[in-house]
Amino acid sequence: MGEKNDVLCAFLEKPAVFADFVDGCLFKGKKGIRPEELSEGSKEYHVKYEASSGKLRNAGRTRDVVKKLCRGRVYAVLAVENQDELHYAMPFRCMEYDVADYARQLKGIRDRHKEKNDLKSGAEYLSGMKEEDKLNPVVTIVFYHGKGEWDTCRELHDMLNFEGENESFKAYTANYRMNLVTLPDMEETCFKTGLRELVGMMKRSEDKEKMKEYCRKNEERFRYMDEETFETVSVMTGCEKLLGYKRENPERRGTVDMCRALDEMMEESRMEGENAFAVLVGKLLADGRMSEVELIVTDESRRRELFLEYGLQNLGKETIMKEGRRSD
């Protein structure tokens, strides 16, 4: 996923944003997770697997974002995995992460008892733990923000072959259901931090006019957007031209005016489109193709073809993209 994944992970690493994300996605903003209740969790895992050589080797795995939610002596491990593409084995991947974390917790319990030498009964020796020992829950959220819907596996059973005779074993086969969150599932109003603006803009990223309208409807929040949210929105919506606005306009107490930046970006794109159209008309006239000049005024598909024919696709990129969305 490259830059987008790096930017999104960095944004979610902020305790306030992470707390808001989990609270908004799982509890509609009602659980009230506080940033100060979060501490860093371990992202690194080492999973043993059978290599082609037949020898056991350690394979490193790294989660995207992991935090511990601590309330007194009770805690839970919360993790987020970002996806902008379909992953056919995602349920197994999440299960592997979760099991590795439970294994790490269990090892910690066993190591403590071994150090204390306080296991007495046969069951305790066999288990390496006491009956009252408990593992803390591990919750993984898969955030899919790619184009199109997630139309593949959502749980382990979706990955298993239960055809024919195997159908009789389905009721006895343990399942694992991953917590999948997609952009259409997310309600902006469930979030209190810059996630509200980020989610709202990402849901409208395919239509700049809708982005602008959303910005206007929430003008007060967009007029004073913090720098990190502004940068994250710019990258995740594919509007990196907005970053140029930020460089040219000093921040006001660490905030950026997203409404104004979006206006300027759209005006610049409009002017680029007009310039590209004028260049194309000039080339057609120079080649004596007057009938084509009349045609490109109304025929969007022919206009795109001629942009490509004359090698003006970069100059007219914004126009091609805009008209392409209208014709789809």
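Strand 4 (residues 65-71) and strand 5 (residues 74-83) pair in the antiparallel sense over seven bridges; two strands pair if DSSP finds at least two bridges between them. Helices (H or I, at least four residues) and strands (E, at least two) are DSSP runs, numbered from the N terminus. The model is predicted: local features need pLDDT of at least 70, side-chain atom pairs count only at pLDDT 80 or more, and totals for chains, interfaces and linings use all residues. Residues are numbered from 1 along each chain as its sequence is written, and side-chain values use heavy atoms, with hydrogens and water left out.

Within this pair, Arg71 stands opposite Val74 in strand 5. Both strands belong to an open sheet of five strands in the order 1-4-5-6-7, with mixed pairing. At its edges are strand 1 (38-40) and strand 7 (179-182), each pairing on one side only. From one strand to the next, the twist averages 30°.

Helix 1 lies across strand 1, strand 4, strand 5 and strand 6 (138-144), and runs at about 160° to strand 5. Angles run from 0 to 180 degrees between N-to-C directions, and axes are lines fitted to C-alpha atoms, for helices over the stretch in contact.

Helix 1 (residues 3-13) also packs with helix 2 (residues 15-27), at an angle of about 95° and with axes 5 Å apart. The two helices are therefore roughly perpendicular, a term for angles of 65 to 115 degrees. Phe11, Leu12 and Glu13 of helix 1 meet Pro15, Val17, Phe18 and Phe21 of helix 2, where contact means heavy atoms within 4.5 Å.

Glu13 counts as buried because its relative accessibility is 18%; buried means under 20% relative accessible area (1.4 Å probe, protein chains only). Not counting residues up to four places away in sequence, Glu13 touches Glu40, Lys43, Asp64, Val65 and Lys67.

Technical notes:
Angles under 35 degrees count as roughly parallel, over 145 as roughly antiparallel, 65 to 115 as roughly perpendicular and the rest as oblique. Buried means under 20% relative accessible area, exposed over 50%, partly exposed in between (1.4 Å probe, protein chains only).
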